[in-house]
Amino acid sequence: MGQRAVVELKGHVRGEVIFPEEERYEEARKVYNAMIDKRPAAIVRCTGVADVIAAVKAARADGLTISVRGGGHSVPGFGTADDALVVDLGRMKGIRVDPAAKMVRAEGGCTWGDFNHATYAFGLATTGGVVSTTGIGGLTLGGGMGYLCRRAGLSIDSLRSADVVLADGTFVTGSETEHPDLFWALRGGGGNFGIVTSLEYRLHPVRDIVACAMFFEVEDAVQVMRAHDAYLTNAPRELYALFVWLLAPPLPFIPEDRHGDPLCALVLCWSGPPDQADRAFAPLRQVAQVGEFTAPMPYPTLNTLFDAFNPPGLQQYWKAVLAKDLSGGAIEAHMAHGPKVSNLSSMAIFPINGAVHDVAPDATAFGHRDAKYSVVISGAWPDPKDNDANIGWVRDYYQALAPHSDEGAYINFVPGDEGDRVQANYGRNYERLRKLKAKFDPGNVFRHNQNILPLG
Ligand SMILES: Cc1cc2nc3c(=O)[nH]c(=O)nc-3n(C[C@H](O)[C@H](O)[C@H](O)COP(=O)(O)OP(=O)(O)OC[C@H]3O[C@@H](n4cnc5c(N)ncnc54)[C@H](O)[C@@H]3O)c2cc1C
């Protein structure tokens, strides 16, 4: 085995190092998407920054690439790779909330469930994902979209600093004042620049919210999309509303004989004063509904409502677009392909206007501040025998939508097979990102991601 340093890593870390000849390797190499079947050289489950530094140095000494795993949710499976050293942060879950300063520092292995649990105790939150099992690391470094983004911006817009282990094993903090160029690149540049061991965020007063899910007939979807689009343009920023295609879930507020039928839905979060929720939802209640659920609940509870529909172990293939508006052509594409949704697949339109647009397009590496929508077509199904049909649905839907969309897409929603689109996915900031990649990771040690090639 030509991996002396990685073999010796066992003596230099507090966490576990797992090799292919061990029984537990099979479980340890799995990621969220069951379609990903990679055999890394070893997996190191780090317990802290010292372990991460030791792991990076060992990988470098042995000439291995590094695959970073936080929550493991990357659909292209970037949290693992053949012959790489997987640096698994899943055990690094330390969180410290400073309620007086409305700040939190969370380690890179936290999920949004961990994070929201800790900050809710103080009536505070920041923009995170809509599923609680997604990692804060991968989601934030790509931008971060969720229920609070019209009010608080993307996750990166609340990021104040990040501790990072760079490709040469050195440890730095990125912030507006320390290594500001690195800090700029981390906010939208994905995992290209180093291993982020902890992230510090500004928090916003959010405790209990009013959640609402409205389900509509396929034939009413055009009206629902138009109402959603018109209202979301200037709706209060405390309102978030996802438009979704899905098969009707077996929930008590949907008639039993409709369970499993393709429907469209609006999923709403109102984080303003609870007694104003009805008024905020009213413009979206104009179309007849198949069923509705509305209830006040803690913000972290809303963050878990979709967990059951997004279990690990399914086959997954996603594609995505961004759009400045909802054109007639886009509506036609949605109507042609949305009702063909099957299994646990879905299509979701995430609004990214409001506070997201308050930040200048070149202030962070996230290059798409002019888009109103981030659209994701998420294929998810249990049986690998059905891969062609389900991947086909995602690709056909994407092909129909792409001519009515902007160039590029959100890097956290795109698959691993669109190398030709990487530049467009990073958008206007790509050249600057390439220069910074050359500065911080010239050897492209961190290449298992939506990869930015170092310039020169
Ligand atoms: C069910 C589901 C729901 C989702 N919902 C949303 C959503 O609401 N909003 C949204 O914006 N996105 C969402 N996403 C997409 C999500 O942002 C990406 O999948 C993201 O990569 C997940 O981060 P992770 O840490 O769990 O992934 P991992 O697979 O652990 O990491 C993916 C990659 O991110 C980088 N990375 C992760 N952590 C670090 C770190 N600490 N340091 C350096 N690099 C790191 C690495 O390149 C790594 O390979 C969702 C994904 C899934 C599967």
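How many nonpolar, polar and charged residues does the shell around the ligand have? I took this as my opening entry and counted by class: 15 are nonpolar, 18 polar and 1 charged. In this scheme Ala, Val, Leu, Ile, Met, Phe, Trp, Tyr, Cys and Pro are nonpolar, Asp, Glu, Lys and Arg are charged, and the others, Gly among them, are polar.

**Basis.** I note that this is a predicted model, in which local features need pLDDT of at least 70 and side-chain atom pairs count only at pLDDT 80 or more, while totals for chains, interfaces and linings use all residues. Residues are numbered from 1 along each chain as its sequence is written, and side-chain values use heavy atoms, with hydrogens and water left out.

**Ligand.** I found 34 residues surrounding the ligand, and the closest are V68, G70, G72, M145 and Y410.

A backbone N or O atom of G71 is 3.0 Å from a ligand oxygen. For H73, a polar backbone atom lies 3.1 Å from an oxygen atom of the ligand, and for S74 the corresponding distance is 2.9 Å. The ligand taken alone exposes 940 Å², of which the protein buries 97%; accessible areas come from the Shrake-Rupley method with a 1.4 Å probe, and for residues only the protein chains shown count as cover.

Next I recorded which elements give two or more residues to the shell: β3 (66–69), α5 (136–142) and β10 (195–202). The most come from α5, with 4 residues. Helices (H or I, at least four residues) and strands (E, at least two) are DSSP runs, numbered from the N terminus.

**Sheet with β3.** I traced an open sheet of 4 strands in the order β1-β2-β4-β3, with mixed pairing; two strands pair if DSSP finds at least two bridges between them. The edge strands β1 and β3 each pair on one side only. Neighbouring strands are turned by 20° against each other on average, direction ignored; axes are lines fitted to C-alpha atoms, for helices over the stretch in contact, and angles run from 0 to 180 degrees between N-to-C directions. Strand β3 pairs with β4 (residues 85–88) in the parallel sense over 4 bridges, and V68 stands opposite V87 in β4.

**Salt bridge.** I counted 30 salt bridges, each a side-chain nitrogen of Lys or Arg within 4 Å of a carboxyl oxygen of Asp or Glu. One of them joins R45 and E16 at 3.3 Å, N to O. R45 lies in β2 (residues 42–45) and E16 in β1 (residues 16–18), 29 residues apart.

**Antiparallel sheet.** I followed 7 strands in the order β15-β12-β14-β13-β17-β18-β16, an open sheet with antiparallel pairing. Which strands stand at its edges? They are β15 (291–298) and β16 (315–323); each has a single partner strand, so one side of each is left without a neighbour in the sheet. The twist averages 15° from one strand to the next. Strands β13 (residues 239–247) and β14 (residues 262–270) pair over 9 bridges, with L239 opposite W270.

Definitions and conventions:
Near = heavy atom within 4 Å. Polar contact = N/O pair within 3.5 Å; in protein donor to acceptor, adjacent residues only side chain to side chain.
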